Amino acid sequence: MAKVTIDGKTIEVPDGTTILNAARMIGGNVVPPAMCYYSHLKTSGGYCRTCLVKVTKGSEKDPRPMPKPVASCRTTVMDGMEVQNMTAPDLQEARAGVVEFLLINHPLDCPICDQAGECHLQDLGYEHGKARTRYEFKRRTFPMTDIGKYIKLHVNRCILCYRCVKVADQLCPGRVHGVMYRGDVAEISTYIKNAVEHEMCGNMIDVCPVGALTDMTFRFKNRVWFTKPVDAHRSCDKCCGKVRLWYKGEEVLRVTARKDQWGEVQTFDGKPGWICNSCRFEHKLTSDWVIEGPSHIDRHSVISANHYELKEGHKKTDKPRKNLEGKRIQLGEGALDPNNK
Amino acid sequence: MSRKLLLTHNDVPGIQSYEVYRQQGGYASVEKALKTMAPDAVTEEVKKSGLRGRGGAGFPTGMKWSFLAKPPGVARYLVCNADESEPGTFKDRYLMERIPHLLVEGMITASYALGANTSFIYIRGEYFYVSRILEKAIEEAYAAGWLGRNILGTDYSLDLYVQVGAGAYICGEETALLESLEGKRGNPRIKPPFPAVAGLYGCPTVVNNVETIAAVVPIVMQGGDEYAKIGVGKSTGTKLISASGHINKPGVYEIEMGVPVEEFIYSEKYCGGIRNGKKLKAVVAGGSSVPILPADLILKTAKGEPRLMTYESMADGGFATGTMLGSGGFIVMDEDTSIVKNLWNFSRFYHHESCGQCSPCREGTGWMEKILHKILDGHGTLEDIDLLWDIQSKIEGKTICPLGDAAAWPVASAIRHFRAEFEEYVKNPKGIKDVKHYYRIHKLQEA
Ligand SMILES: Cc1cc2nc3c(=O)[nH]c(=O)nc-3n(C[C@H](O)[C@H](O)[C@H](O)COP(=O)(O)O)c2cc1C
Ligand code: SF4
Ligand code: SF4
Ligand code: FES
């Protein structure tokens, strides 16, 4: 075990834990933002540099501070380590710099982007961005491409976080997709007009932190904050079958994996809850699913607008509810139930 | 006195061939090491020699070797970094082209010390003809029994391969080099783990520069202590310097560490002074990635002492008044040189060569280049100079590999020491020939 102090808050974590994960264990605003790290994808992280922190004391054994900011998602803690995140003004300045770099080639057209409301770069820009950009030159632009029958790629919005590359590498054998070229002309692409068709490739859409990879069965059908997320499951032999259905009225507009508070796919029975293309793209009827209830949505997210959940103690309503699979139930305290006819 | 340890036989006709090299005493270090020394004893000599890596960072070679993990039953590798893509640096090419067997000999001796049975020379694609020269030397070494199974009848065996890169500067960064060698995209790896623990194919690996490996030959022959007597302080031995720019005698020079910079530039033995009797304006002392210094600071340290060609003296005063010896790419600029233009040229290079993995380097290098071009073309503002300063500070120290720093340092130092020149470009724009052309190229957005 190693004792680590982040922004004055101390926690003991197992050896080998990264600074980022230690911060997540503490929670609150000591947690650095992470645009490229994804805990369920091996070797992810290290690329975007948004999670940089200052190590002011290396360890009990070697208390020297680290000379440069380190990527908290790829740096493991040491016993006695002291870290600054929000408490270091120069680090906040550096982070604002990273955000500015990320926004050079990412258009600030959130109002028309399919990812709006679910985009971490949008949050980051809001928290660290400046009202005006200092960049005056032409941005890079690419045509949109269909990389298979389900996914549309818009490289304009890509921040080269490599998450989809890791999905392709780790979940979809027979890889056909990756990064081409280098520097600021580098682009995510399929190799020589290949199509991304592996049964698990839809997860690329879920891991994309921005609106570069979009679900062709959903894109621009609605704004995400007008939809109602509901947890549901079905038995599936290809994946865990645990999903989130996004309803507009009685219609399922989109199916995604369930995400945790860090915006990553949830873990079930110790395994990441990746979902297959069949659950994601081909089962869009309520009757395909066993409905569990409204999804938990963090209050900071715009999706939580008009979204009401039952709190633990409030599960019982005055009038007895039938079970959720029942045909007709009484809506209690804003519980949203798509089965309620 | 100037001793030569690497280029001793440089002028001997036919030294490229095995026979001549052998006649000059070549491969004696292999004989000495394999027959009379344990592998660790070779490492010990390298440690004693104080040899510092000649690839740029100057990390002590013996120490690097002693970090090499040695789990039983796991292969170890020695990889020679012959990528040499730093603008202004061309010493490794000279050495490999002139005395290829010196590198082959060094590779065998160093591989023996490290317990590597397979070693690689990773050479940049543009040096294709040099790779041919090396391949021929390796073939000759195999034929003469210096490579292969049971070398000199000992139980030590070694295979040596040359691998040609596809021409990307980033593949000179040691972890990107290993990725490339494994047949992947040349992206730097995130450290730790360091190559000494998990390098090529996940096995413990040492990556060393061509000159570093060549220096192992004289170290083994004369002993580490003798080698350490050459030079000044922690900068021991000799160093190859590739001198270019506005000097009378550009070329590759082997110097003893500690030669005063002034002597190096002006003496007939080395650069022979500035071309056409012009005045010295600035020097980039260690390849394009190190901070540029104006004449007064390159000749004397901030304390007014003569600056020497050593790691310490070059770095004296930090980046405020000093620079780095780097890879020894010594670029001299006379009084007529435009710093802004040269900086733009460097920036163009780093922009082009960024691998694109981390956001500050990927986006920042291009941004800097564009602003420099704007200033050069007479459209810059004073705010642009501050903006450049700010951008470089947001790249430096915040990236995965040091290419980000390499792009930022020249910009920082040029502004630090030559700000007046930038302002001149802004206030009295001269070089503009065709404004429309400028806007066309850059498709500049209207404010
Ligand atoms: C962008 C970049 C390019 C580099 N290119 C070279 C190179 O061409 N040759 C070289 O020997 N070292 C190069 N290096 C340094 C290597 O990463 C490494 O430090 C060196 O090969 C170690 O050898 P040494 O200890 O013998 O100096 C480069 C480093 C960076 C960051
Ligand atoms: S497409 Fe999305 S997931 Fe893939 S690299 Fe770009 S931003 Fe990341
Ligand atoms: S600093 Fe530049 S070259 Fe190095 S890893 Fe980052 S993007 Fe690639
Ligand atoms: S989240 Fe750590 S570098 Fe991107």
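**Buried elements and ligand shells in a predicted model**

Helices here are DSSP runs of H or I with at least four residues, and strands are runs of E with at least two, both numbered from the N terminus. This is a predicted model, in which local features need pLDDT of at least 70 and side-chain atom pairs count only at pLDDT 80 or more, while totals for chains, interfaces and linings use all residues. Residues are numbered from 1 along each chain as its sequence is written, chains are lettered from A and ligands numbered from 1 in the order in which they are written, and side-chain values use heavy atoms, leaving out hydrogens and water.

The buried set in α4(A) consists of A:Arg163, A:Cys164, A:Val165, A:Lys166, A:Val167 and A:Ala168. These residues pack against β8 (177-180), β9 (187-190), α5 (203-207) and β10 (213-215) of chain A, with contact taken as heavy atoms within 4.5 Å. A:Cys164 also turns up around ligand 2, together with residues including A:Cys158, A:Cys161 and A:Cys208 (a residue is near a molecule if one of its heavy atoms lies within 4 Å of it). The ligand 2 shell holds 12 nonpolar, no polar and no charged residues; Ala, Val, Leu, Ile, Met, Phe, Trp, Tyr, Cys and Pro count as nonpolar, Asp, Glu, Lys and Arg as charged, and the others, Gly among them, as polar.

Over in chain B, ligand 3 has 13 residues around it, of which B:Cys355, B:Gln357, B:Cys358, B:Cys361 and B:Cys401 come nearest. Its shell is made up of eight nonpolar, five polar and no charged residues.

Strand β2 of chain B (residues 118-123) has five of six residues buried, so the strand is largely enclosed too. On one side, β1(B) (residues 77-82) runs parallel to β2(B) through six bridges, pairing being called when DSSP finds at least two bridges. B:Leu78 sits opposite B:Ser119 in β2(B). Strand β3(B) (residues 159-164) likewise pairs with β2(B) in the parallel sense over six bridges, and B:Ile121 faces B:Val162 there. The chain gets from β2(B) to β3(B) by way of helix α7(B) (residues 128-143), in a right-handed β-α-β crossover (clockwise from the first strand over the helix to the second, with the strands pointing away from the viewer).

Definitions and conventions
Buried < 20%, exposed > 50% of the residue type's maximum accessible area, 1.4 Å probe, protein only.
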